[in-house]
Amino acid sequence: MTDATGSTVLDRALNGGLPEGRTVLVTGGPGTGKSTLGMQFLQAGLEAGERCLFVSTEQTDEEVRASFESFAFDLDHPDLTLTSLHARSGETLEDDEEVLTLQTLDGGPTLDDNYAAPFEPQYIVEELSSYGPVDRVVLDSVSGLSAMGEDYDTYRRAVFDLVRLFNDEFGATAMLTAEQSEATGSVEGTQSVAASDAIQFNTHGVIRLWRENVEGDYHRFVEVMKMRGVDHDTRVFELGFDDAGLRTYPRMRTHPGEFRPDEYFETGIEGLDALMGGGVALGGSLLLQHDGQASPHSVLTNLIARAIEADMSILIVPPVELPPKRLRSIIDERVGDMDDLLNDDRLFLLDYTNIWENTRRNVFKPVAHDDETTESVFRTVQDRSADRPVLSLVNIEAQLPVLDEDELRRVRFWEEENFYRPGDTSVYFFNPKTVGEELSMFYKNGAWQVLRTWIDATGLQYVKLEKSPSGYMGSTRLVEYTDDEPYMTVQSPPRPADGGGR
């Protein structure tokens, strides 16, 4: 069960909202929207008929009302309680000298007209316990309670006691906010004690808000950093404000339905197909970029196997790192007898590297034979494939020694204009560092979908969907290899709750 935050887009990222009966920490610098998100969360609870409590450690009741004046929050709702508490010098029954005491921000002591309770964890918990039970709690912010502990461990344990009060005794879903300082010109900064890792460990989840300079203008962002037991969206969203509170963008990262392809060609790698919104868009083009370390060949091999199963023909421009013996062994093992596929007009090889024997049917060598130009080979493939759609797997590096950049561009446009038929689909793959930035951007701009895979400094391989009419665009997923087909797994993207809106 979940409790809605009041932002539908954020709720989709959270797979429905905040986990019911748990505590979530919202961190961020000043002015990033922490308090607004907290009150928006309570407003959603009020609209659902729930009892709500807002505790401020930084503002008086008057200041709270003034700060939310521009929003449509019902601060006078009978099921909403506003209170405040903070540390102020005063006298206690136990101390003759002034010490830090627990008082409201309006100046009222917590015991009687002359004395107040010490600003210590047990008294803070006792004071707040009088407001329960409620269904939702916002404590804005725990940074304002940092004086209640003489050392960091005491403070951390005190926050844990508050979490237990809200979740276990109240039975409430709670949101704690905490200040996170930001260095000028950086989104990293140094965190205050309230937003440190140890405090985050006390909570069920962490949502981070921050500001960042984008091309000279500051924008606000939100990211779900962790949410235990929730398959949440890990991507960054932008924030704005309207009268209902925080508005999370974008509502959609890919095109609406009328601009999406009708059919997809599955790769057979479940997580990858989910990431891409169904697989490779039929009738379009996919660009698969790699860093030279993360091999694209497992994806390509699975595409070949799926294409044969789907009664498609395959045109391959093989890379140098897949010489004839190696490519033959892969196809023989995963797809079928390579010679049979060539003879049956199911497989075509365009050998720009001039290393294949010329005795096989459907092996074309533009370097050795003047009459086997790229255009003429494409026409032959089209004729011999008959009514079958063609899946083209084209390595750009293999073409570069024969075709310069202008010729590659011309061939690319010629293919689209003269070669493609309904269902014909192209996959281009290369390492951008070897083909150059301009040519890389040419293929990227012309592709329907763009996948990038790389190995980071830790040795882990990732894949990211950088462009697509559907799927989880901008999402980065982990790649793992296995001993069983399809010999490759991709971490599945989250499955957020259905629904549109904010």
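Which order do the strands of the open sheet of 10 strands have? I read β20-β19-β18-β21-β22-β17-β23-β24-β25-β26, with mixed pairing. Strands here are DSSP E runs of at least two residues, helices are H or I runs of at least four, and both are numbered from the N terminus; two strands pair if DSSP finds at least two bridges between them. I noted β20 (363–364) and β26 (488–490) at the edges, each with a single partner strand, so one side of each has no neighbour in the sheet.

A word on the source: this is a predicted model, where local features need pLDDT of at least 70, side-chain atom pairs count only at pLDDT 80 or more, and totals for chains, interfaces and linings use all residues. Residues are numbered from 1 along each chain as its sequence is written, and side-chain values use heavy atoms, leaving out hydrogens and water.

Next I checked β18 (residues 313–317) and β21 (residues 390–395), which pair in the parallel sense over 5 bridges. Ser 313 stands opposite Val 390 in β21.

Last, I looked at α4 (residues 121–129) and α5 (residues 152–169), which pack at about 20 degrees with axes 10 Å apart. They are therefore roughly parallel (under 35 degrees).

Technical notes
Axes fitted to C-alpha atoms, helices over the stretch in contact; angles between N-to-C directions. Parallel < 35°, antiparallel > 145°, perpendicular 65-115°, else oblique.
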